[in-house]
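Here is a short report on a protein model. Take a look at the sequence and structure before reading on.

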Amino acid sequence: YRRERSLTLRSSSSALYNNLAVLCPPARPPAFGAVHGTTLSLLGSEGPPRQLQARGGGSALSTPLLTQAAWCKLPSRVLLVLTSQRGVQMYDSDGSTMVFWHALDVPEQPAAHSVFARGIAAAGGRFICVGTSFGAVLVFDIPPKGTNVTLSEVLEQHRDPITDIAAEQGQAPDRAGDLVTADDSGTLCLWSTGEEFTLLGMIPGSGSTCSSVALWNGIVAAGYGNGQIRLWEAGSGRIRAQVSAHARWIYALDLAPLTGKLLSGAEDSFVHVWKLSRNPDTDDIEIQHCHAECVTDTQVCGARFCDPAGDTFAVTGYDLSEILCYGPA
Amino acid sequence: MSARTLPLLFLNLGGEMLYILDQRLRAQSIPGDKARKDEWTDVDRKRVMNDIIATMFNKKFMEELFKPQDLYSKKALRTVYDRLAHASIMRLNQASMDKLYDLMTMAFKYQVLLCPRPRDILLVTFNHLDAIKDFISDSPGILNQVDETFRRLIETYNCLSDGEFQLIRQTLLIFFQDMHIRVSIFLKDKVQNSNGRFVLPISGPVPWGTEVPGLIRIFNHKGVEVKRAEFTTAGNYVTPQREGSFELYGDRVLKLGTNMYSVTRPVETHMSGSSKNLASQAKENIAPNPLAKEELNFLARLLGGLDIQKPAGGETGFRLNLFTTDEEEEHAAQTRPEELSYKVINIEATEEPGRREELSRILGEMEVAEPRPASAEKGEDLLALMDGL
């Protein structure tokens, strides 16, 4: 890989987990989004850059802070989802129209425990799952078109704030589940999606926050606050690999489904590219290091592949008003 | 986002403020017998430090501070420090106050950014408090107040998880976002680049609880380790020696938050000038803030707990200059870029007699010992007054 162009953002990126959203439409250049405080900076594949505000409301402080943004690809449509201290906003993919708004139960007076939504993923070809600081995961049923989004279920298994949610991007082996949710304590839950979601298994945390998670061919890749990446077998809940990957808190993980490449970004200024593989006969799971990039004097807060094979990727950093793009060497 | 951020922000910024004031007071002090009427002596310096620290750690003030609440704007917070800095016989001009606030905020931003673990922000806070206790080591009454706050910090924060500390850290980083003021002591020490961004080293000890990067361990489906591999990067990390102490007394190990100023190293700032980054920050400062009323309520509550002693009739305030000469201070005031102006709610400096009367009334009310909940009308009064300034 080598560094290519940089895209200018109107405002710098905030230090939030998974702070880079990428949409790769077929045969068009990708669109990007990064959160800055109360706004989302959108760089579309066509048209001028745009900014979306967190939806305010309520008696307390000014415009609420956004925690995350992600494009959710469903068979019938693509929605742009924003999570904030107040709730969940869903827009159509270019951010021009708000499709749906869900408000969280926010107490009158601020309580010691913060309230926010965080963690976004499309699941089961029909749902969008959003995590909350209460540990609950909201499951929204998305119609093929229109605004009639309904809250289908609330999954209450985690006891700590949700950090990230990921859906299976490859082929799940039997009983492995197709959704993983992660929280502040490092606990991972595996689910099978459907009319009713079923909890298939739980991997307890071991003292370190899991800030980012990916699921591919029944392998859970999880990034932790102590700089480790761990691979877990989704079906059995067993650990299959442990990598001392970063010297600081991992902020972002992303996976390229065609090749099994894994991207990790952390506060230590490094972005690493790894290769996951699973031997179907021996059932060996492997991870190899492919490439390292140092983003000088920057704490990386977002990293995503820009194509399904993982030949290109983009990075955001705290206080950086650019999206750094990397391509084949 | 975290409702527990304010005490840490306030105490650390306050700590930096005290380091800077102490350094400037020492630099400008004259031996007692040689001092003229308008010059500083060591006795004056100790008095100023004692007064400010006593005000800062006032019990009612601390109670308000520790209540769960969101962070307010830089503008609102700056007003609290303005009052604090004037809690004694010392006076600061706008330009010096601006510089003081710039230095305080950039120093703490640096400390938050470079903390190895989010939890280490607590160690940074303890470093500041340890130094504050040193400043007032011969005043047992104030020492008691500081110890009380210390215990309160331990009680509130020691039990928080790493995830909660990271949320606090993220909240602080949002507060400090886009601030790139260059500080000459940082530039000289090569911890800040000439573009105002901090140097993030990729060598040195890893945080406590993290392993040095490089090892890959593979396990089979029975959980038995079957393979090890290594990878290398440009980083050059080592394992840390020991963890800092989170007790009332102890070796903090971490150097962040200790006093980096000394009499021989004067502090200057350079304004970053107009850059794209500042544009968004400027908009935040200049655009009319519909929630100013909320912030005024916050200030009224917080400052209501401050017990500020006004100097008695005969005493005049001593002016402290954060620059090397009066001319420099004047020049700085005139050349400060518009977008970096804090647009402080400058309650003290108004000329019209009618206004001054009304302001004194409001100020008088704000100095009542028990913090009263600000009624909607009072909030509106203050708001109207600010608009008129």
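## The model

This is a predicted model: local features need pLDDT of at least 70, side-chain atom pairs count only at pLDDT 80 or more, and totals for chains, interfaces and linings use all residues. Residues are numbered from 1 along each chain as its sequence is written, chains are lettered from A and ligands numbered from 1 in the order in which they are written, and side-chain values use heavy atoms, with hydrogens and water left out.

## Where chains A and B meet

Chain B gives 63 residues to the contact, and chain A gives 61 residues. Contact here means heavy atoms within 4.5 Å. Together the two chains bury about 4,900 Å², with 53% of it on carbon and sulfur atoms. Buried area is the accessible area (1.4 Å probe) that two parts lose on being put together, summed over both.

There are 3 salt bridges between chain B and chain A. A salt bridge is a side-chain nitrogen of Lys or Arg within 4 Å of a carboxyl oxygen of Asp or Glu. Glu286(A) and Lys227(B) form a salt bridge, their closest N and O atoms 2.8 Å apart. On the side of chain B that touches chain A, the elements giving two or more residues are helix 5 (94-114), helix 8 (162-175), strand 4 (215-219) and helix 10 (276-286). Helix 8 of chain B gives the most, with 9 residues. Helices (H or I, at least four residues) and strands (E, at least two) are DSSP runs, numbered from the N terminus.

## Strands across the contact

Strand 21 (residues 239-244) of chain A pairs with strand 4 of chain B. The sense is antiparallel, over 3 bridges. Strands pair if DSSP finds at least two bridges between them. Ala241(A) has Ile218(B) as its bridge partner in strand 4 of chain B.

## A salt bridge in helix 1

Over all chains, the count is 25 salt bridges. Arg26(B) and Asp22(B) form a salt bridge, at 3.0 Å from N to O. These residues are 4 apart in helix 1 (residues 6-27) of chain B, so about one helical turn separates Arg26(B) and Asp22(B).
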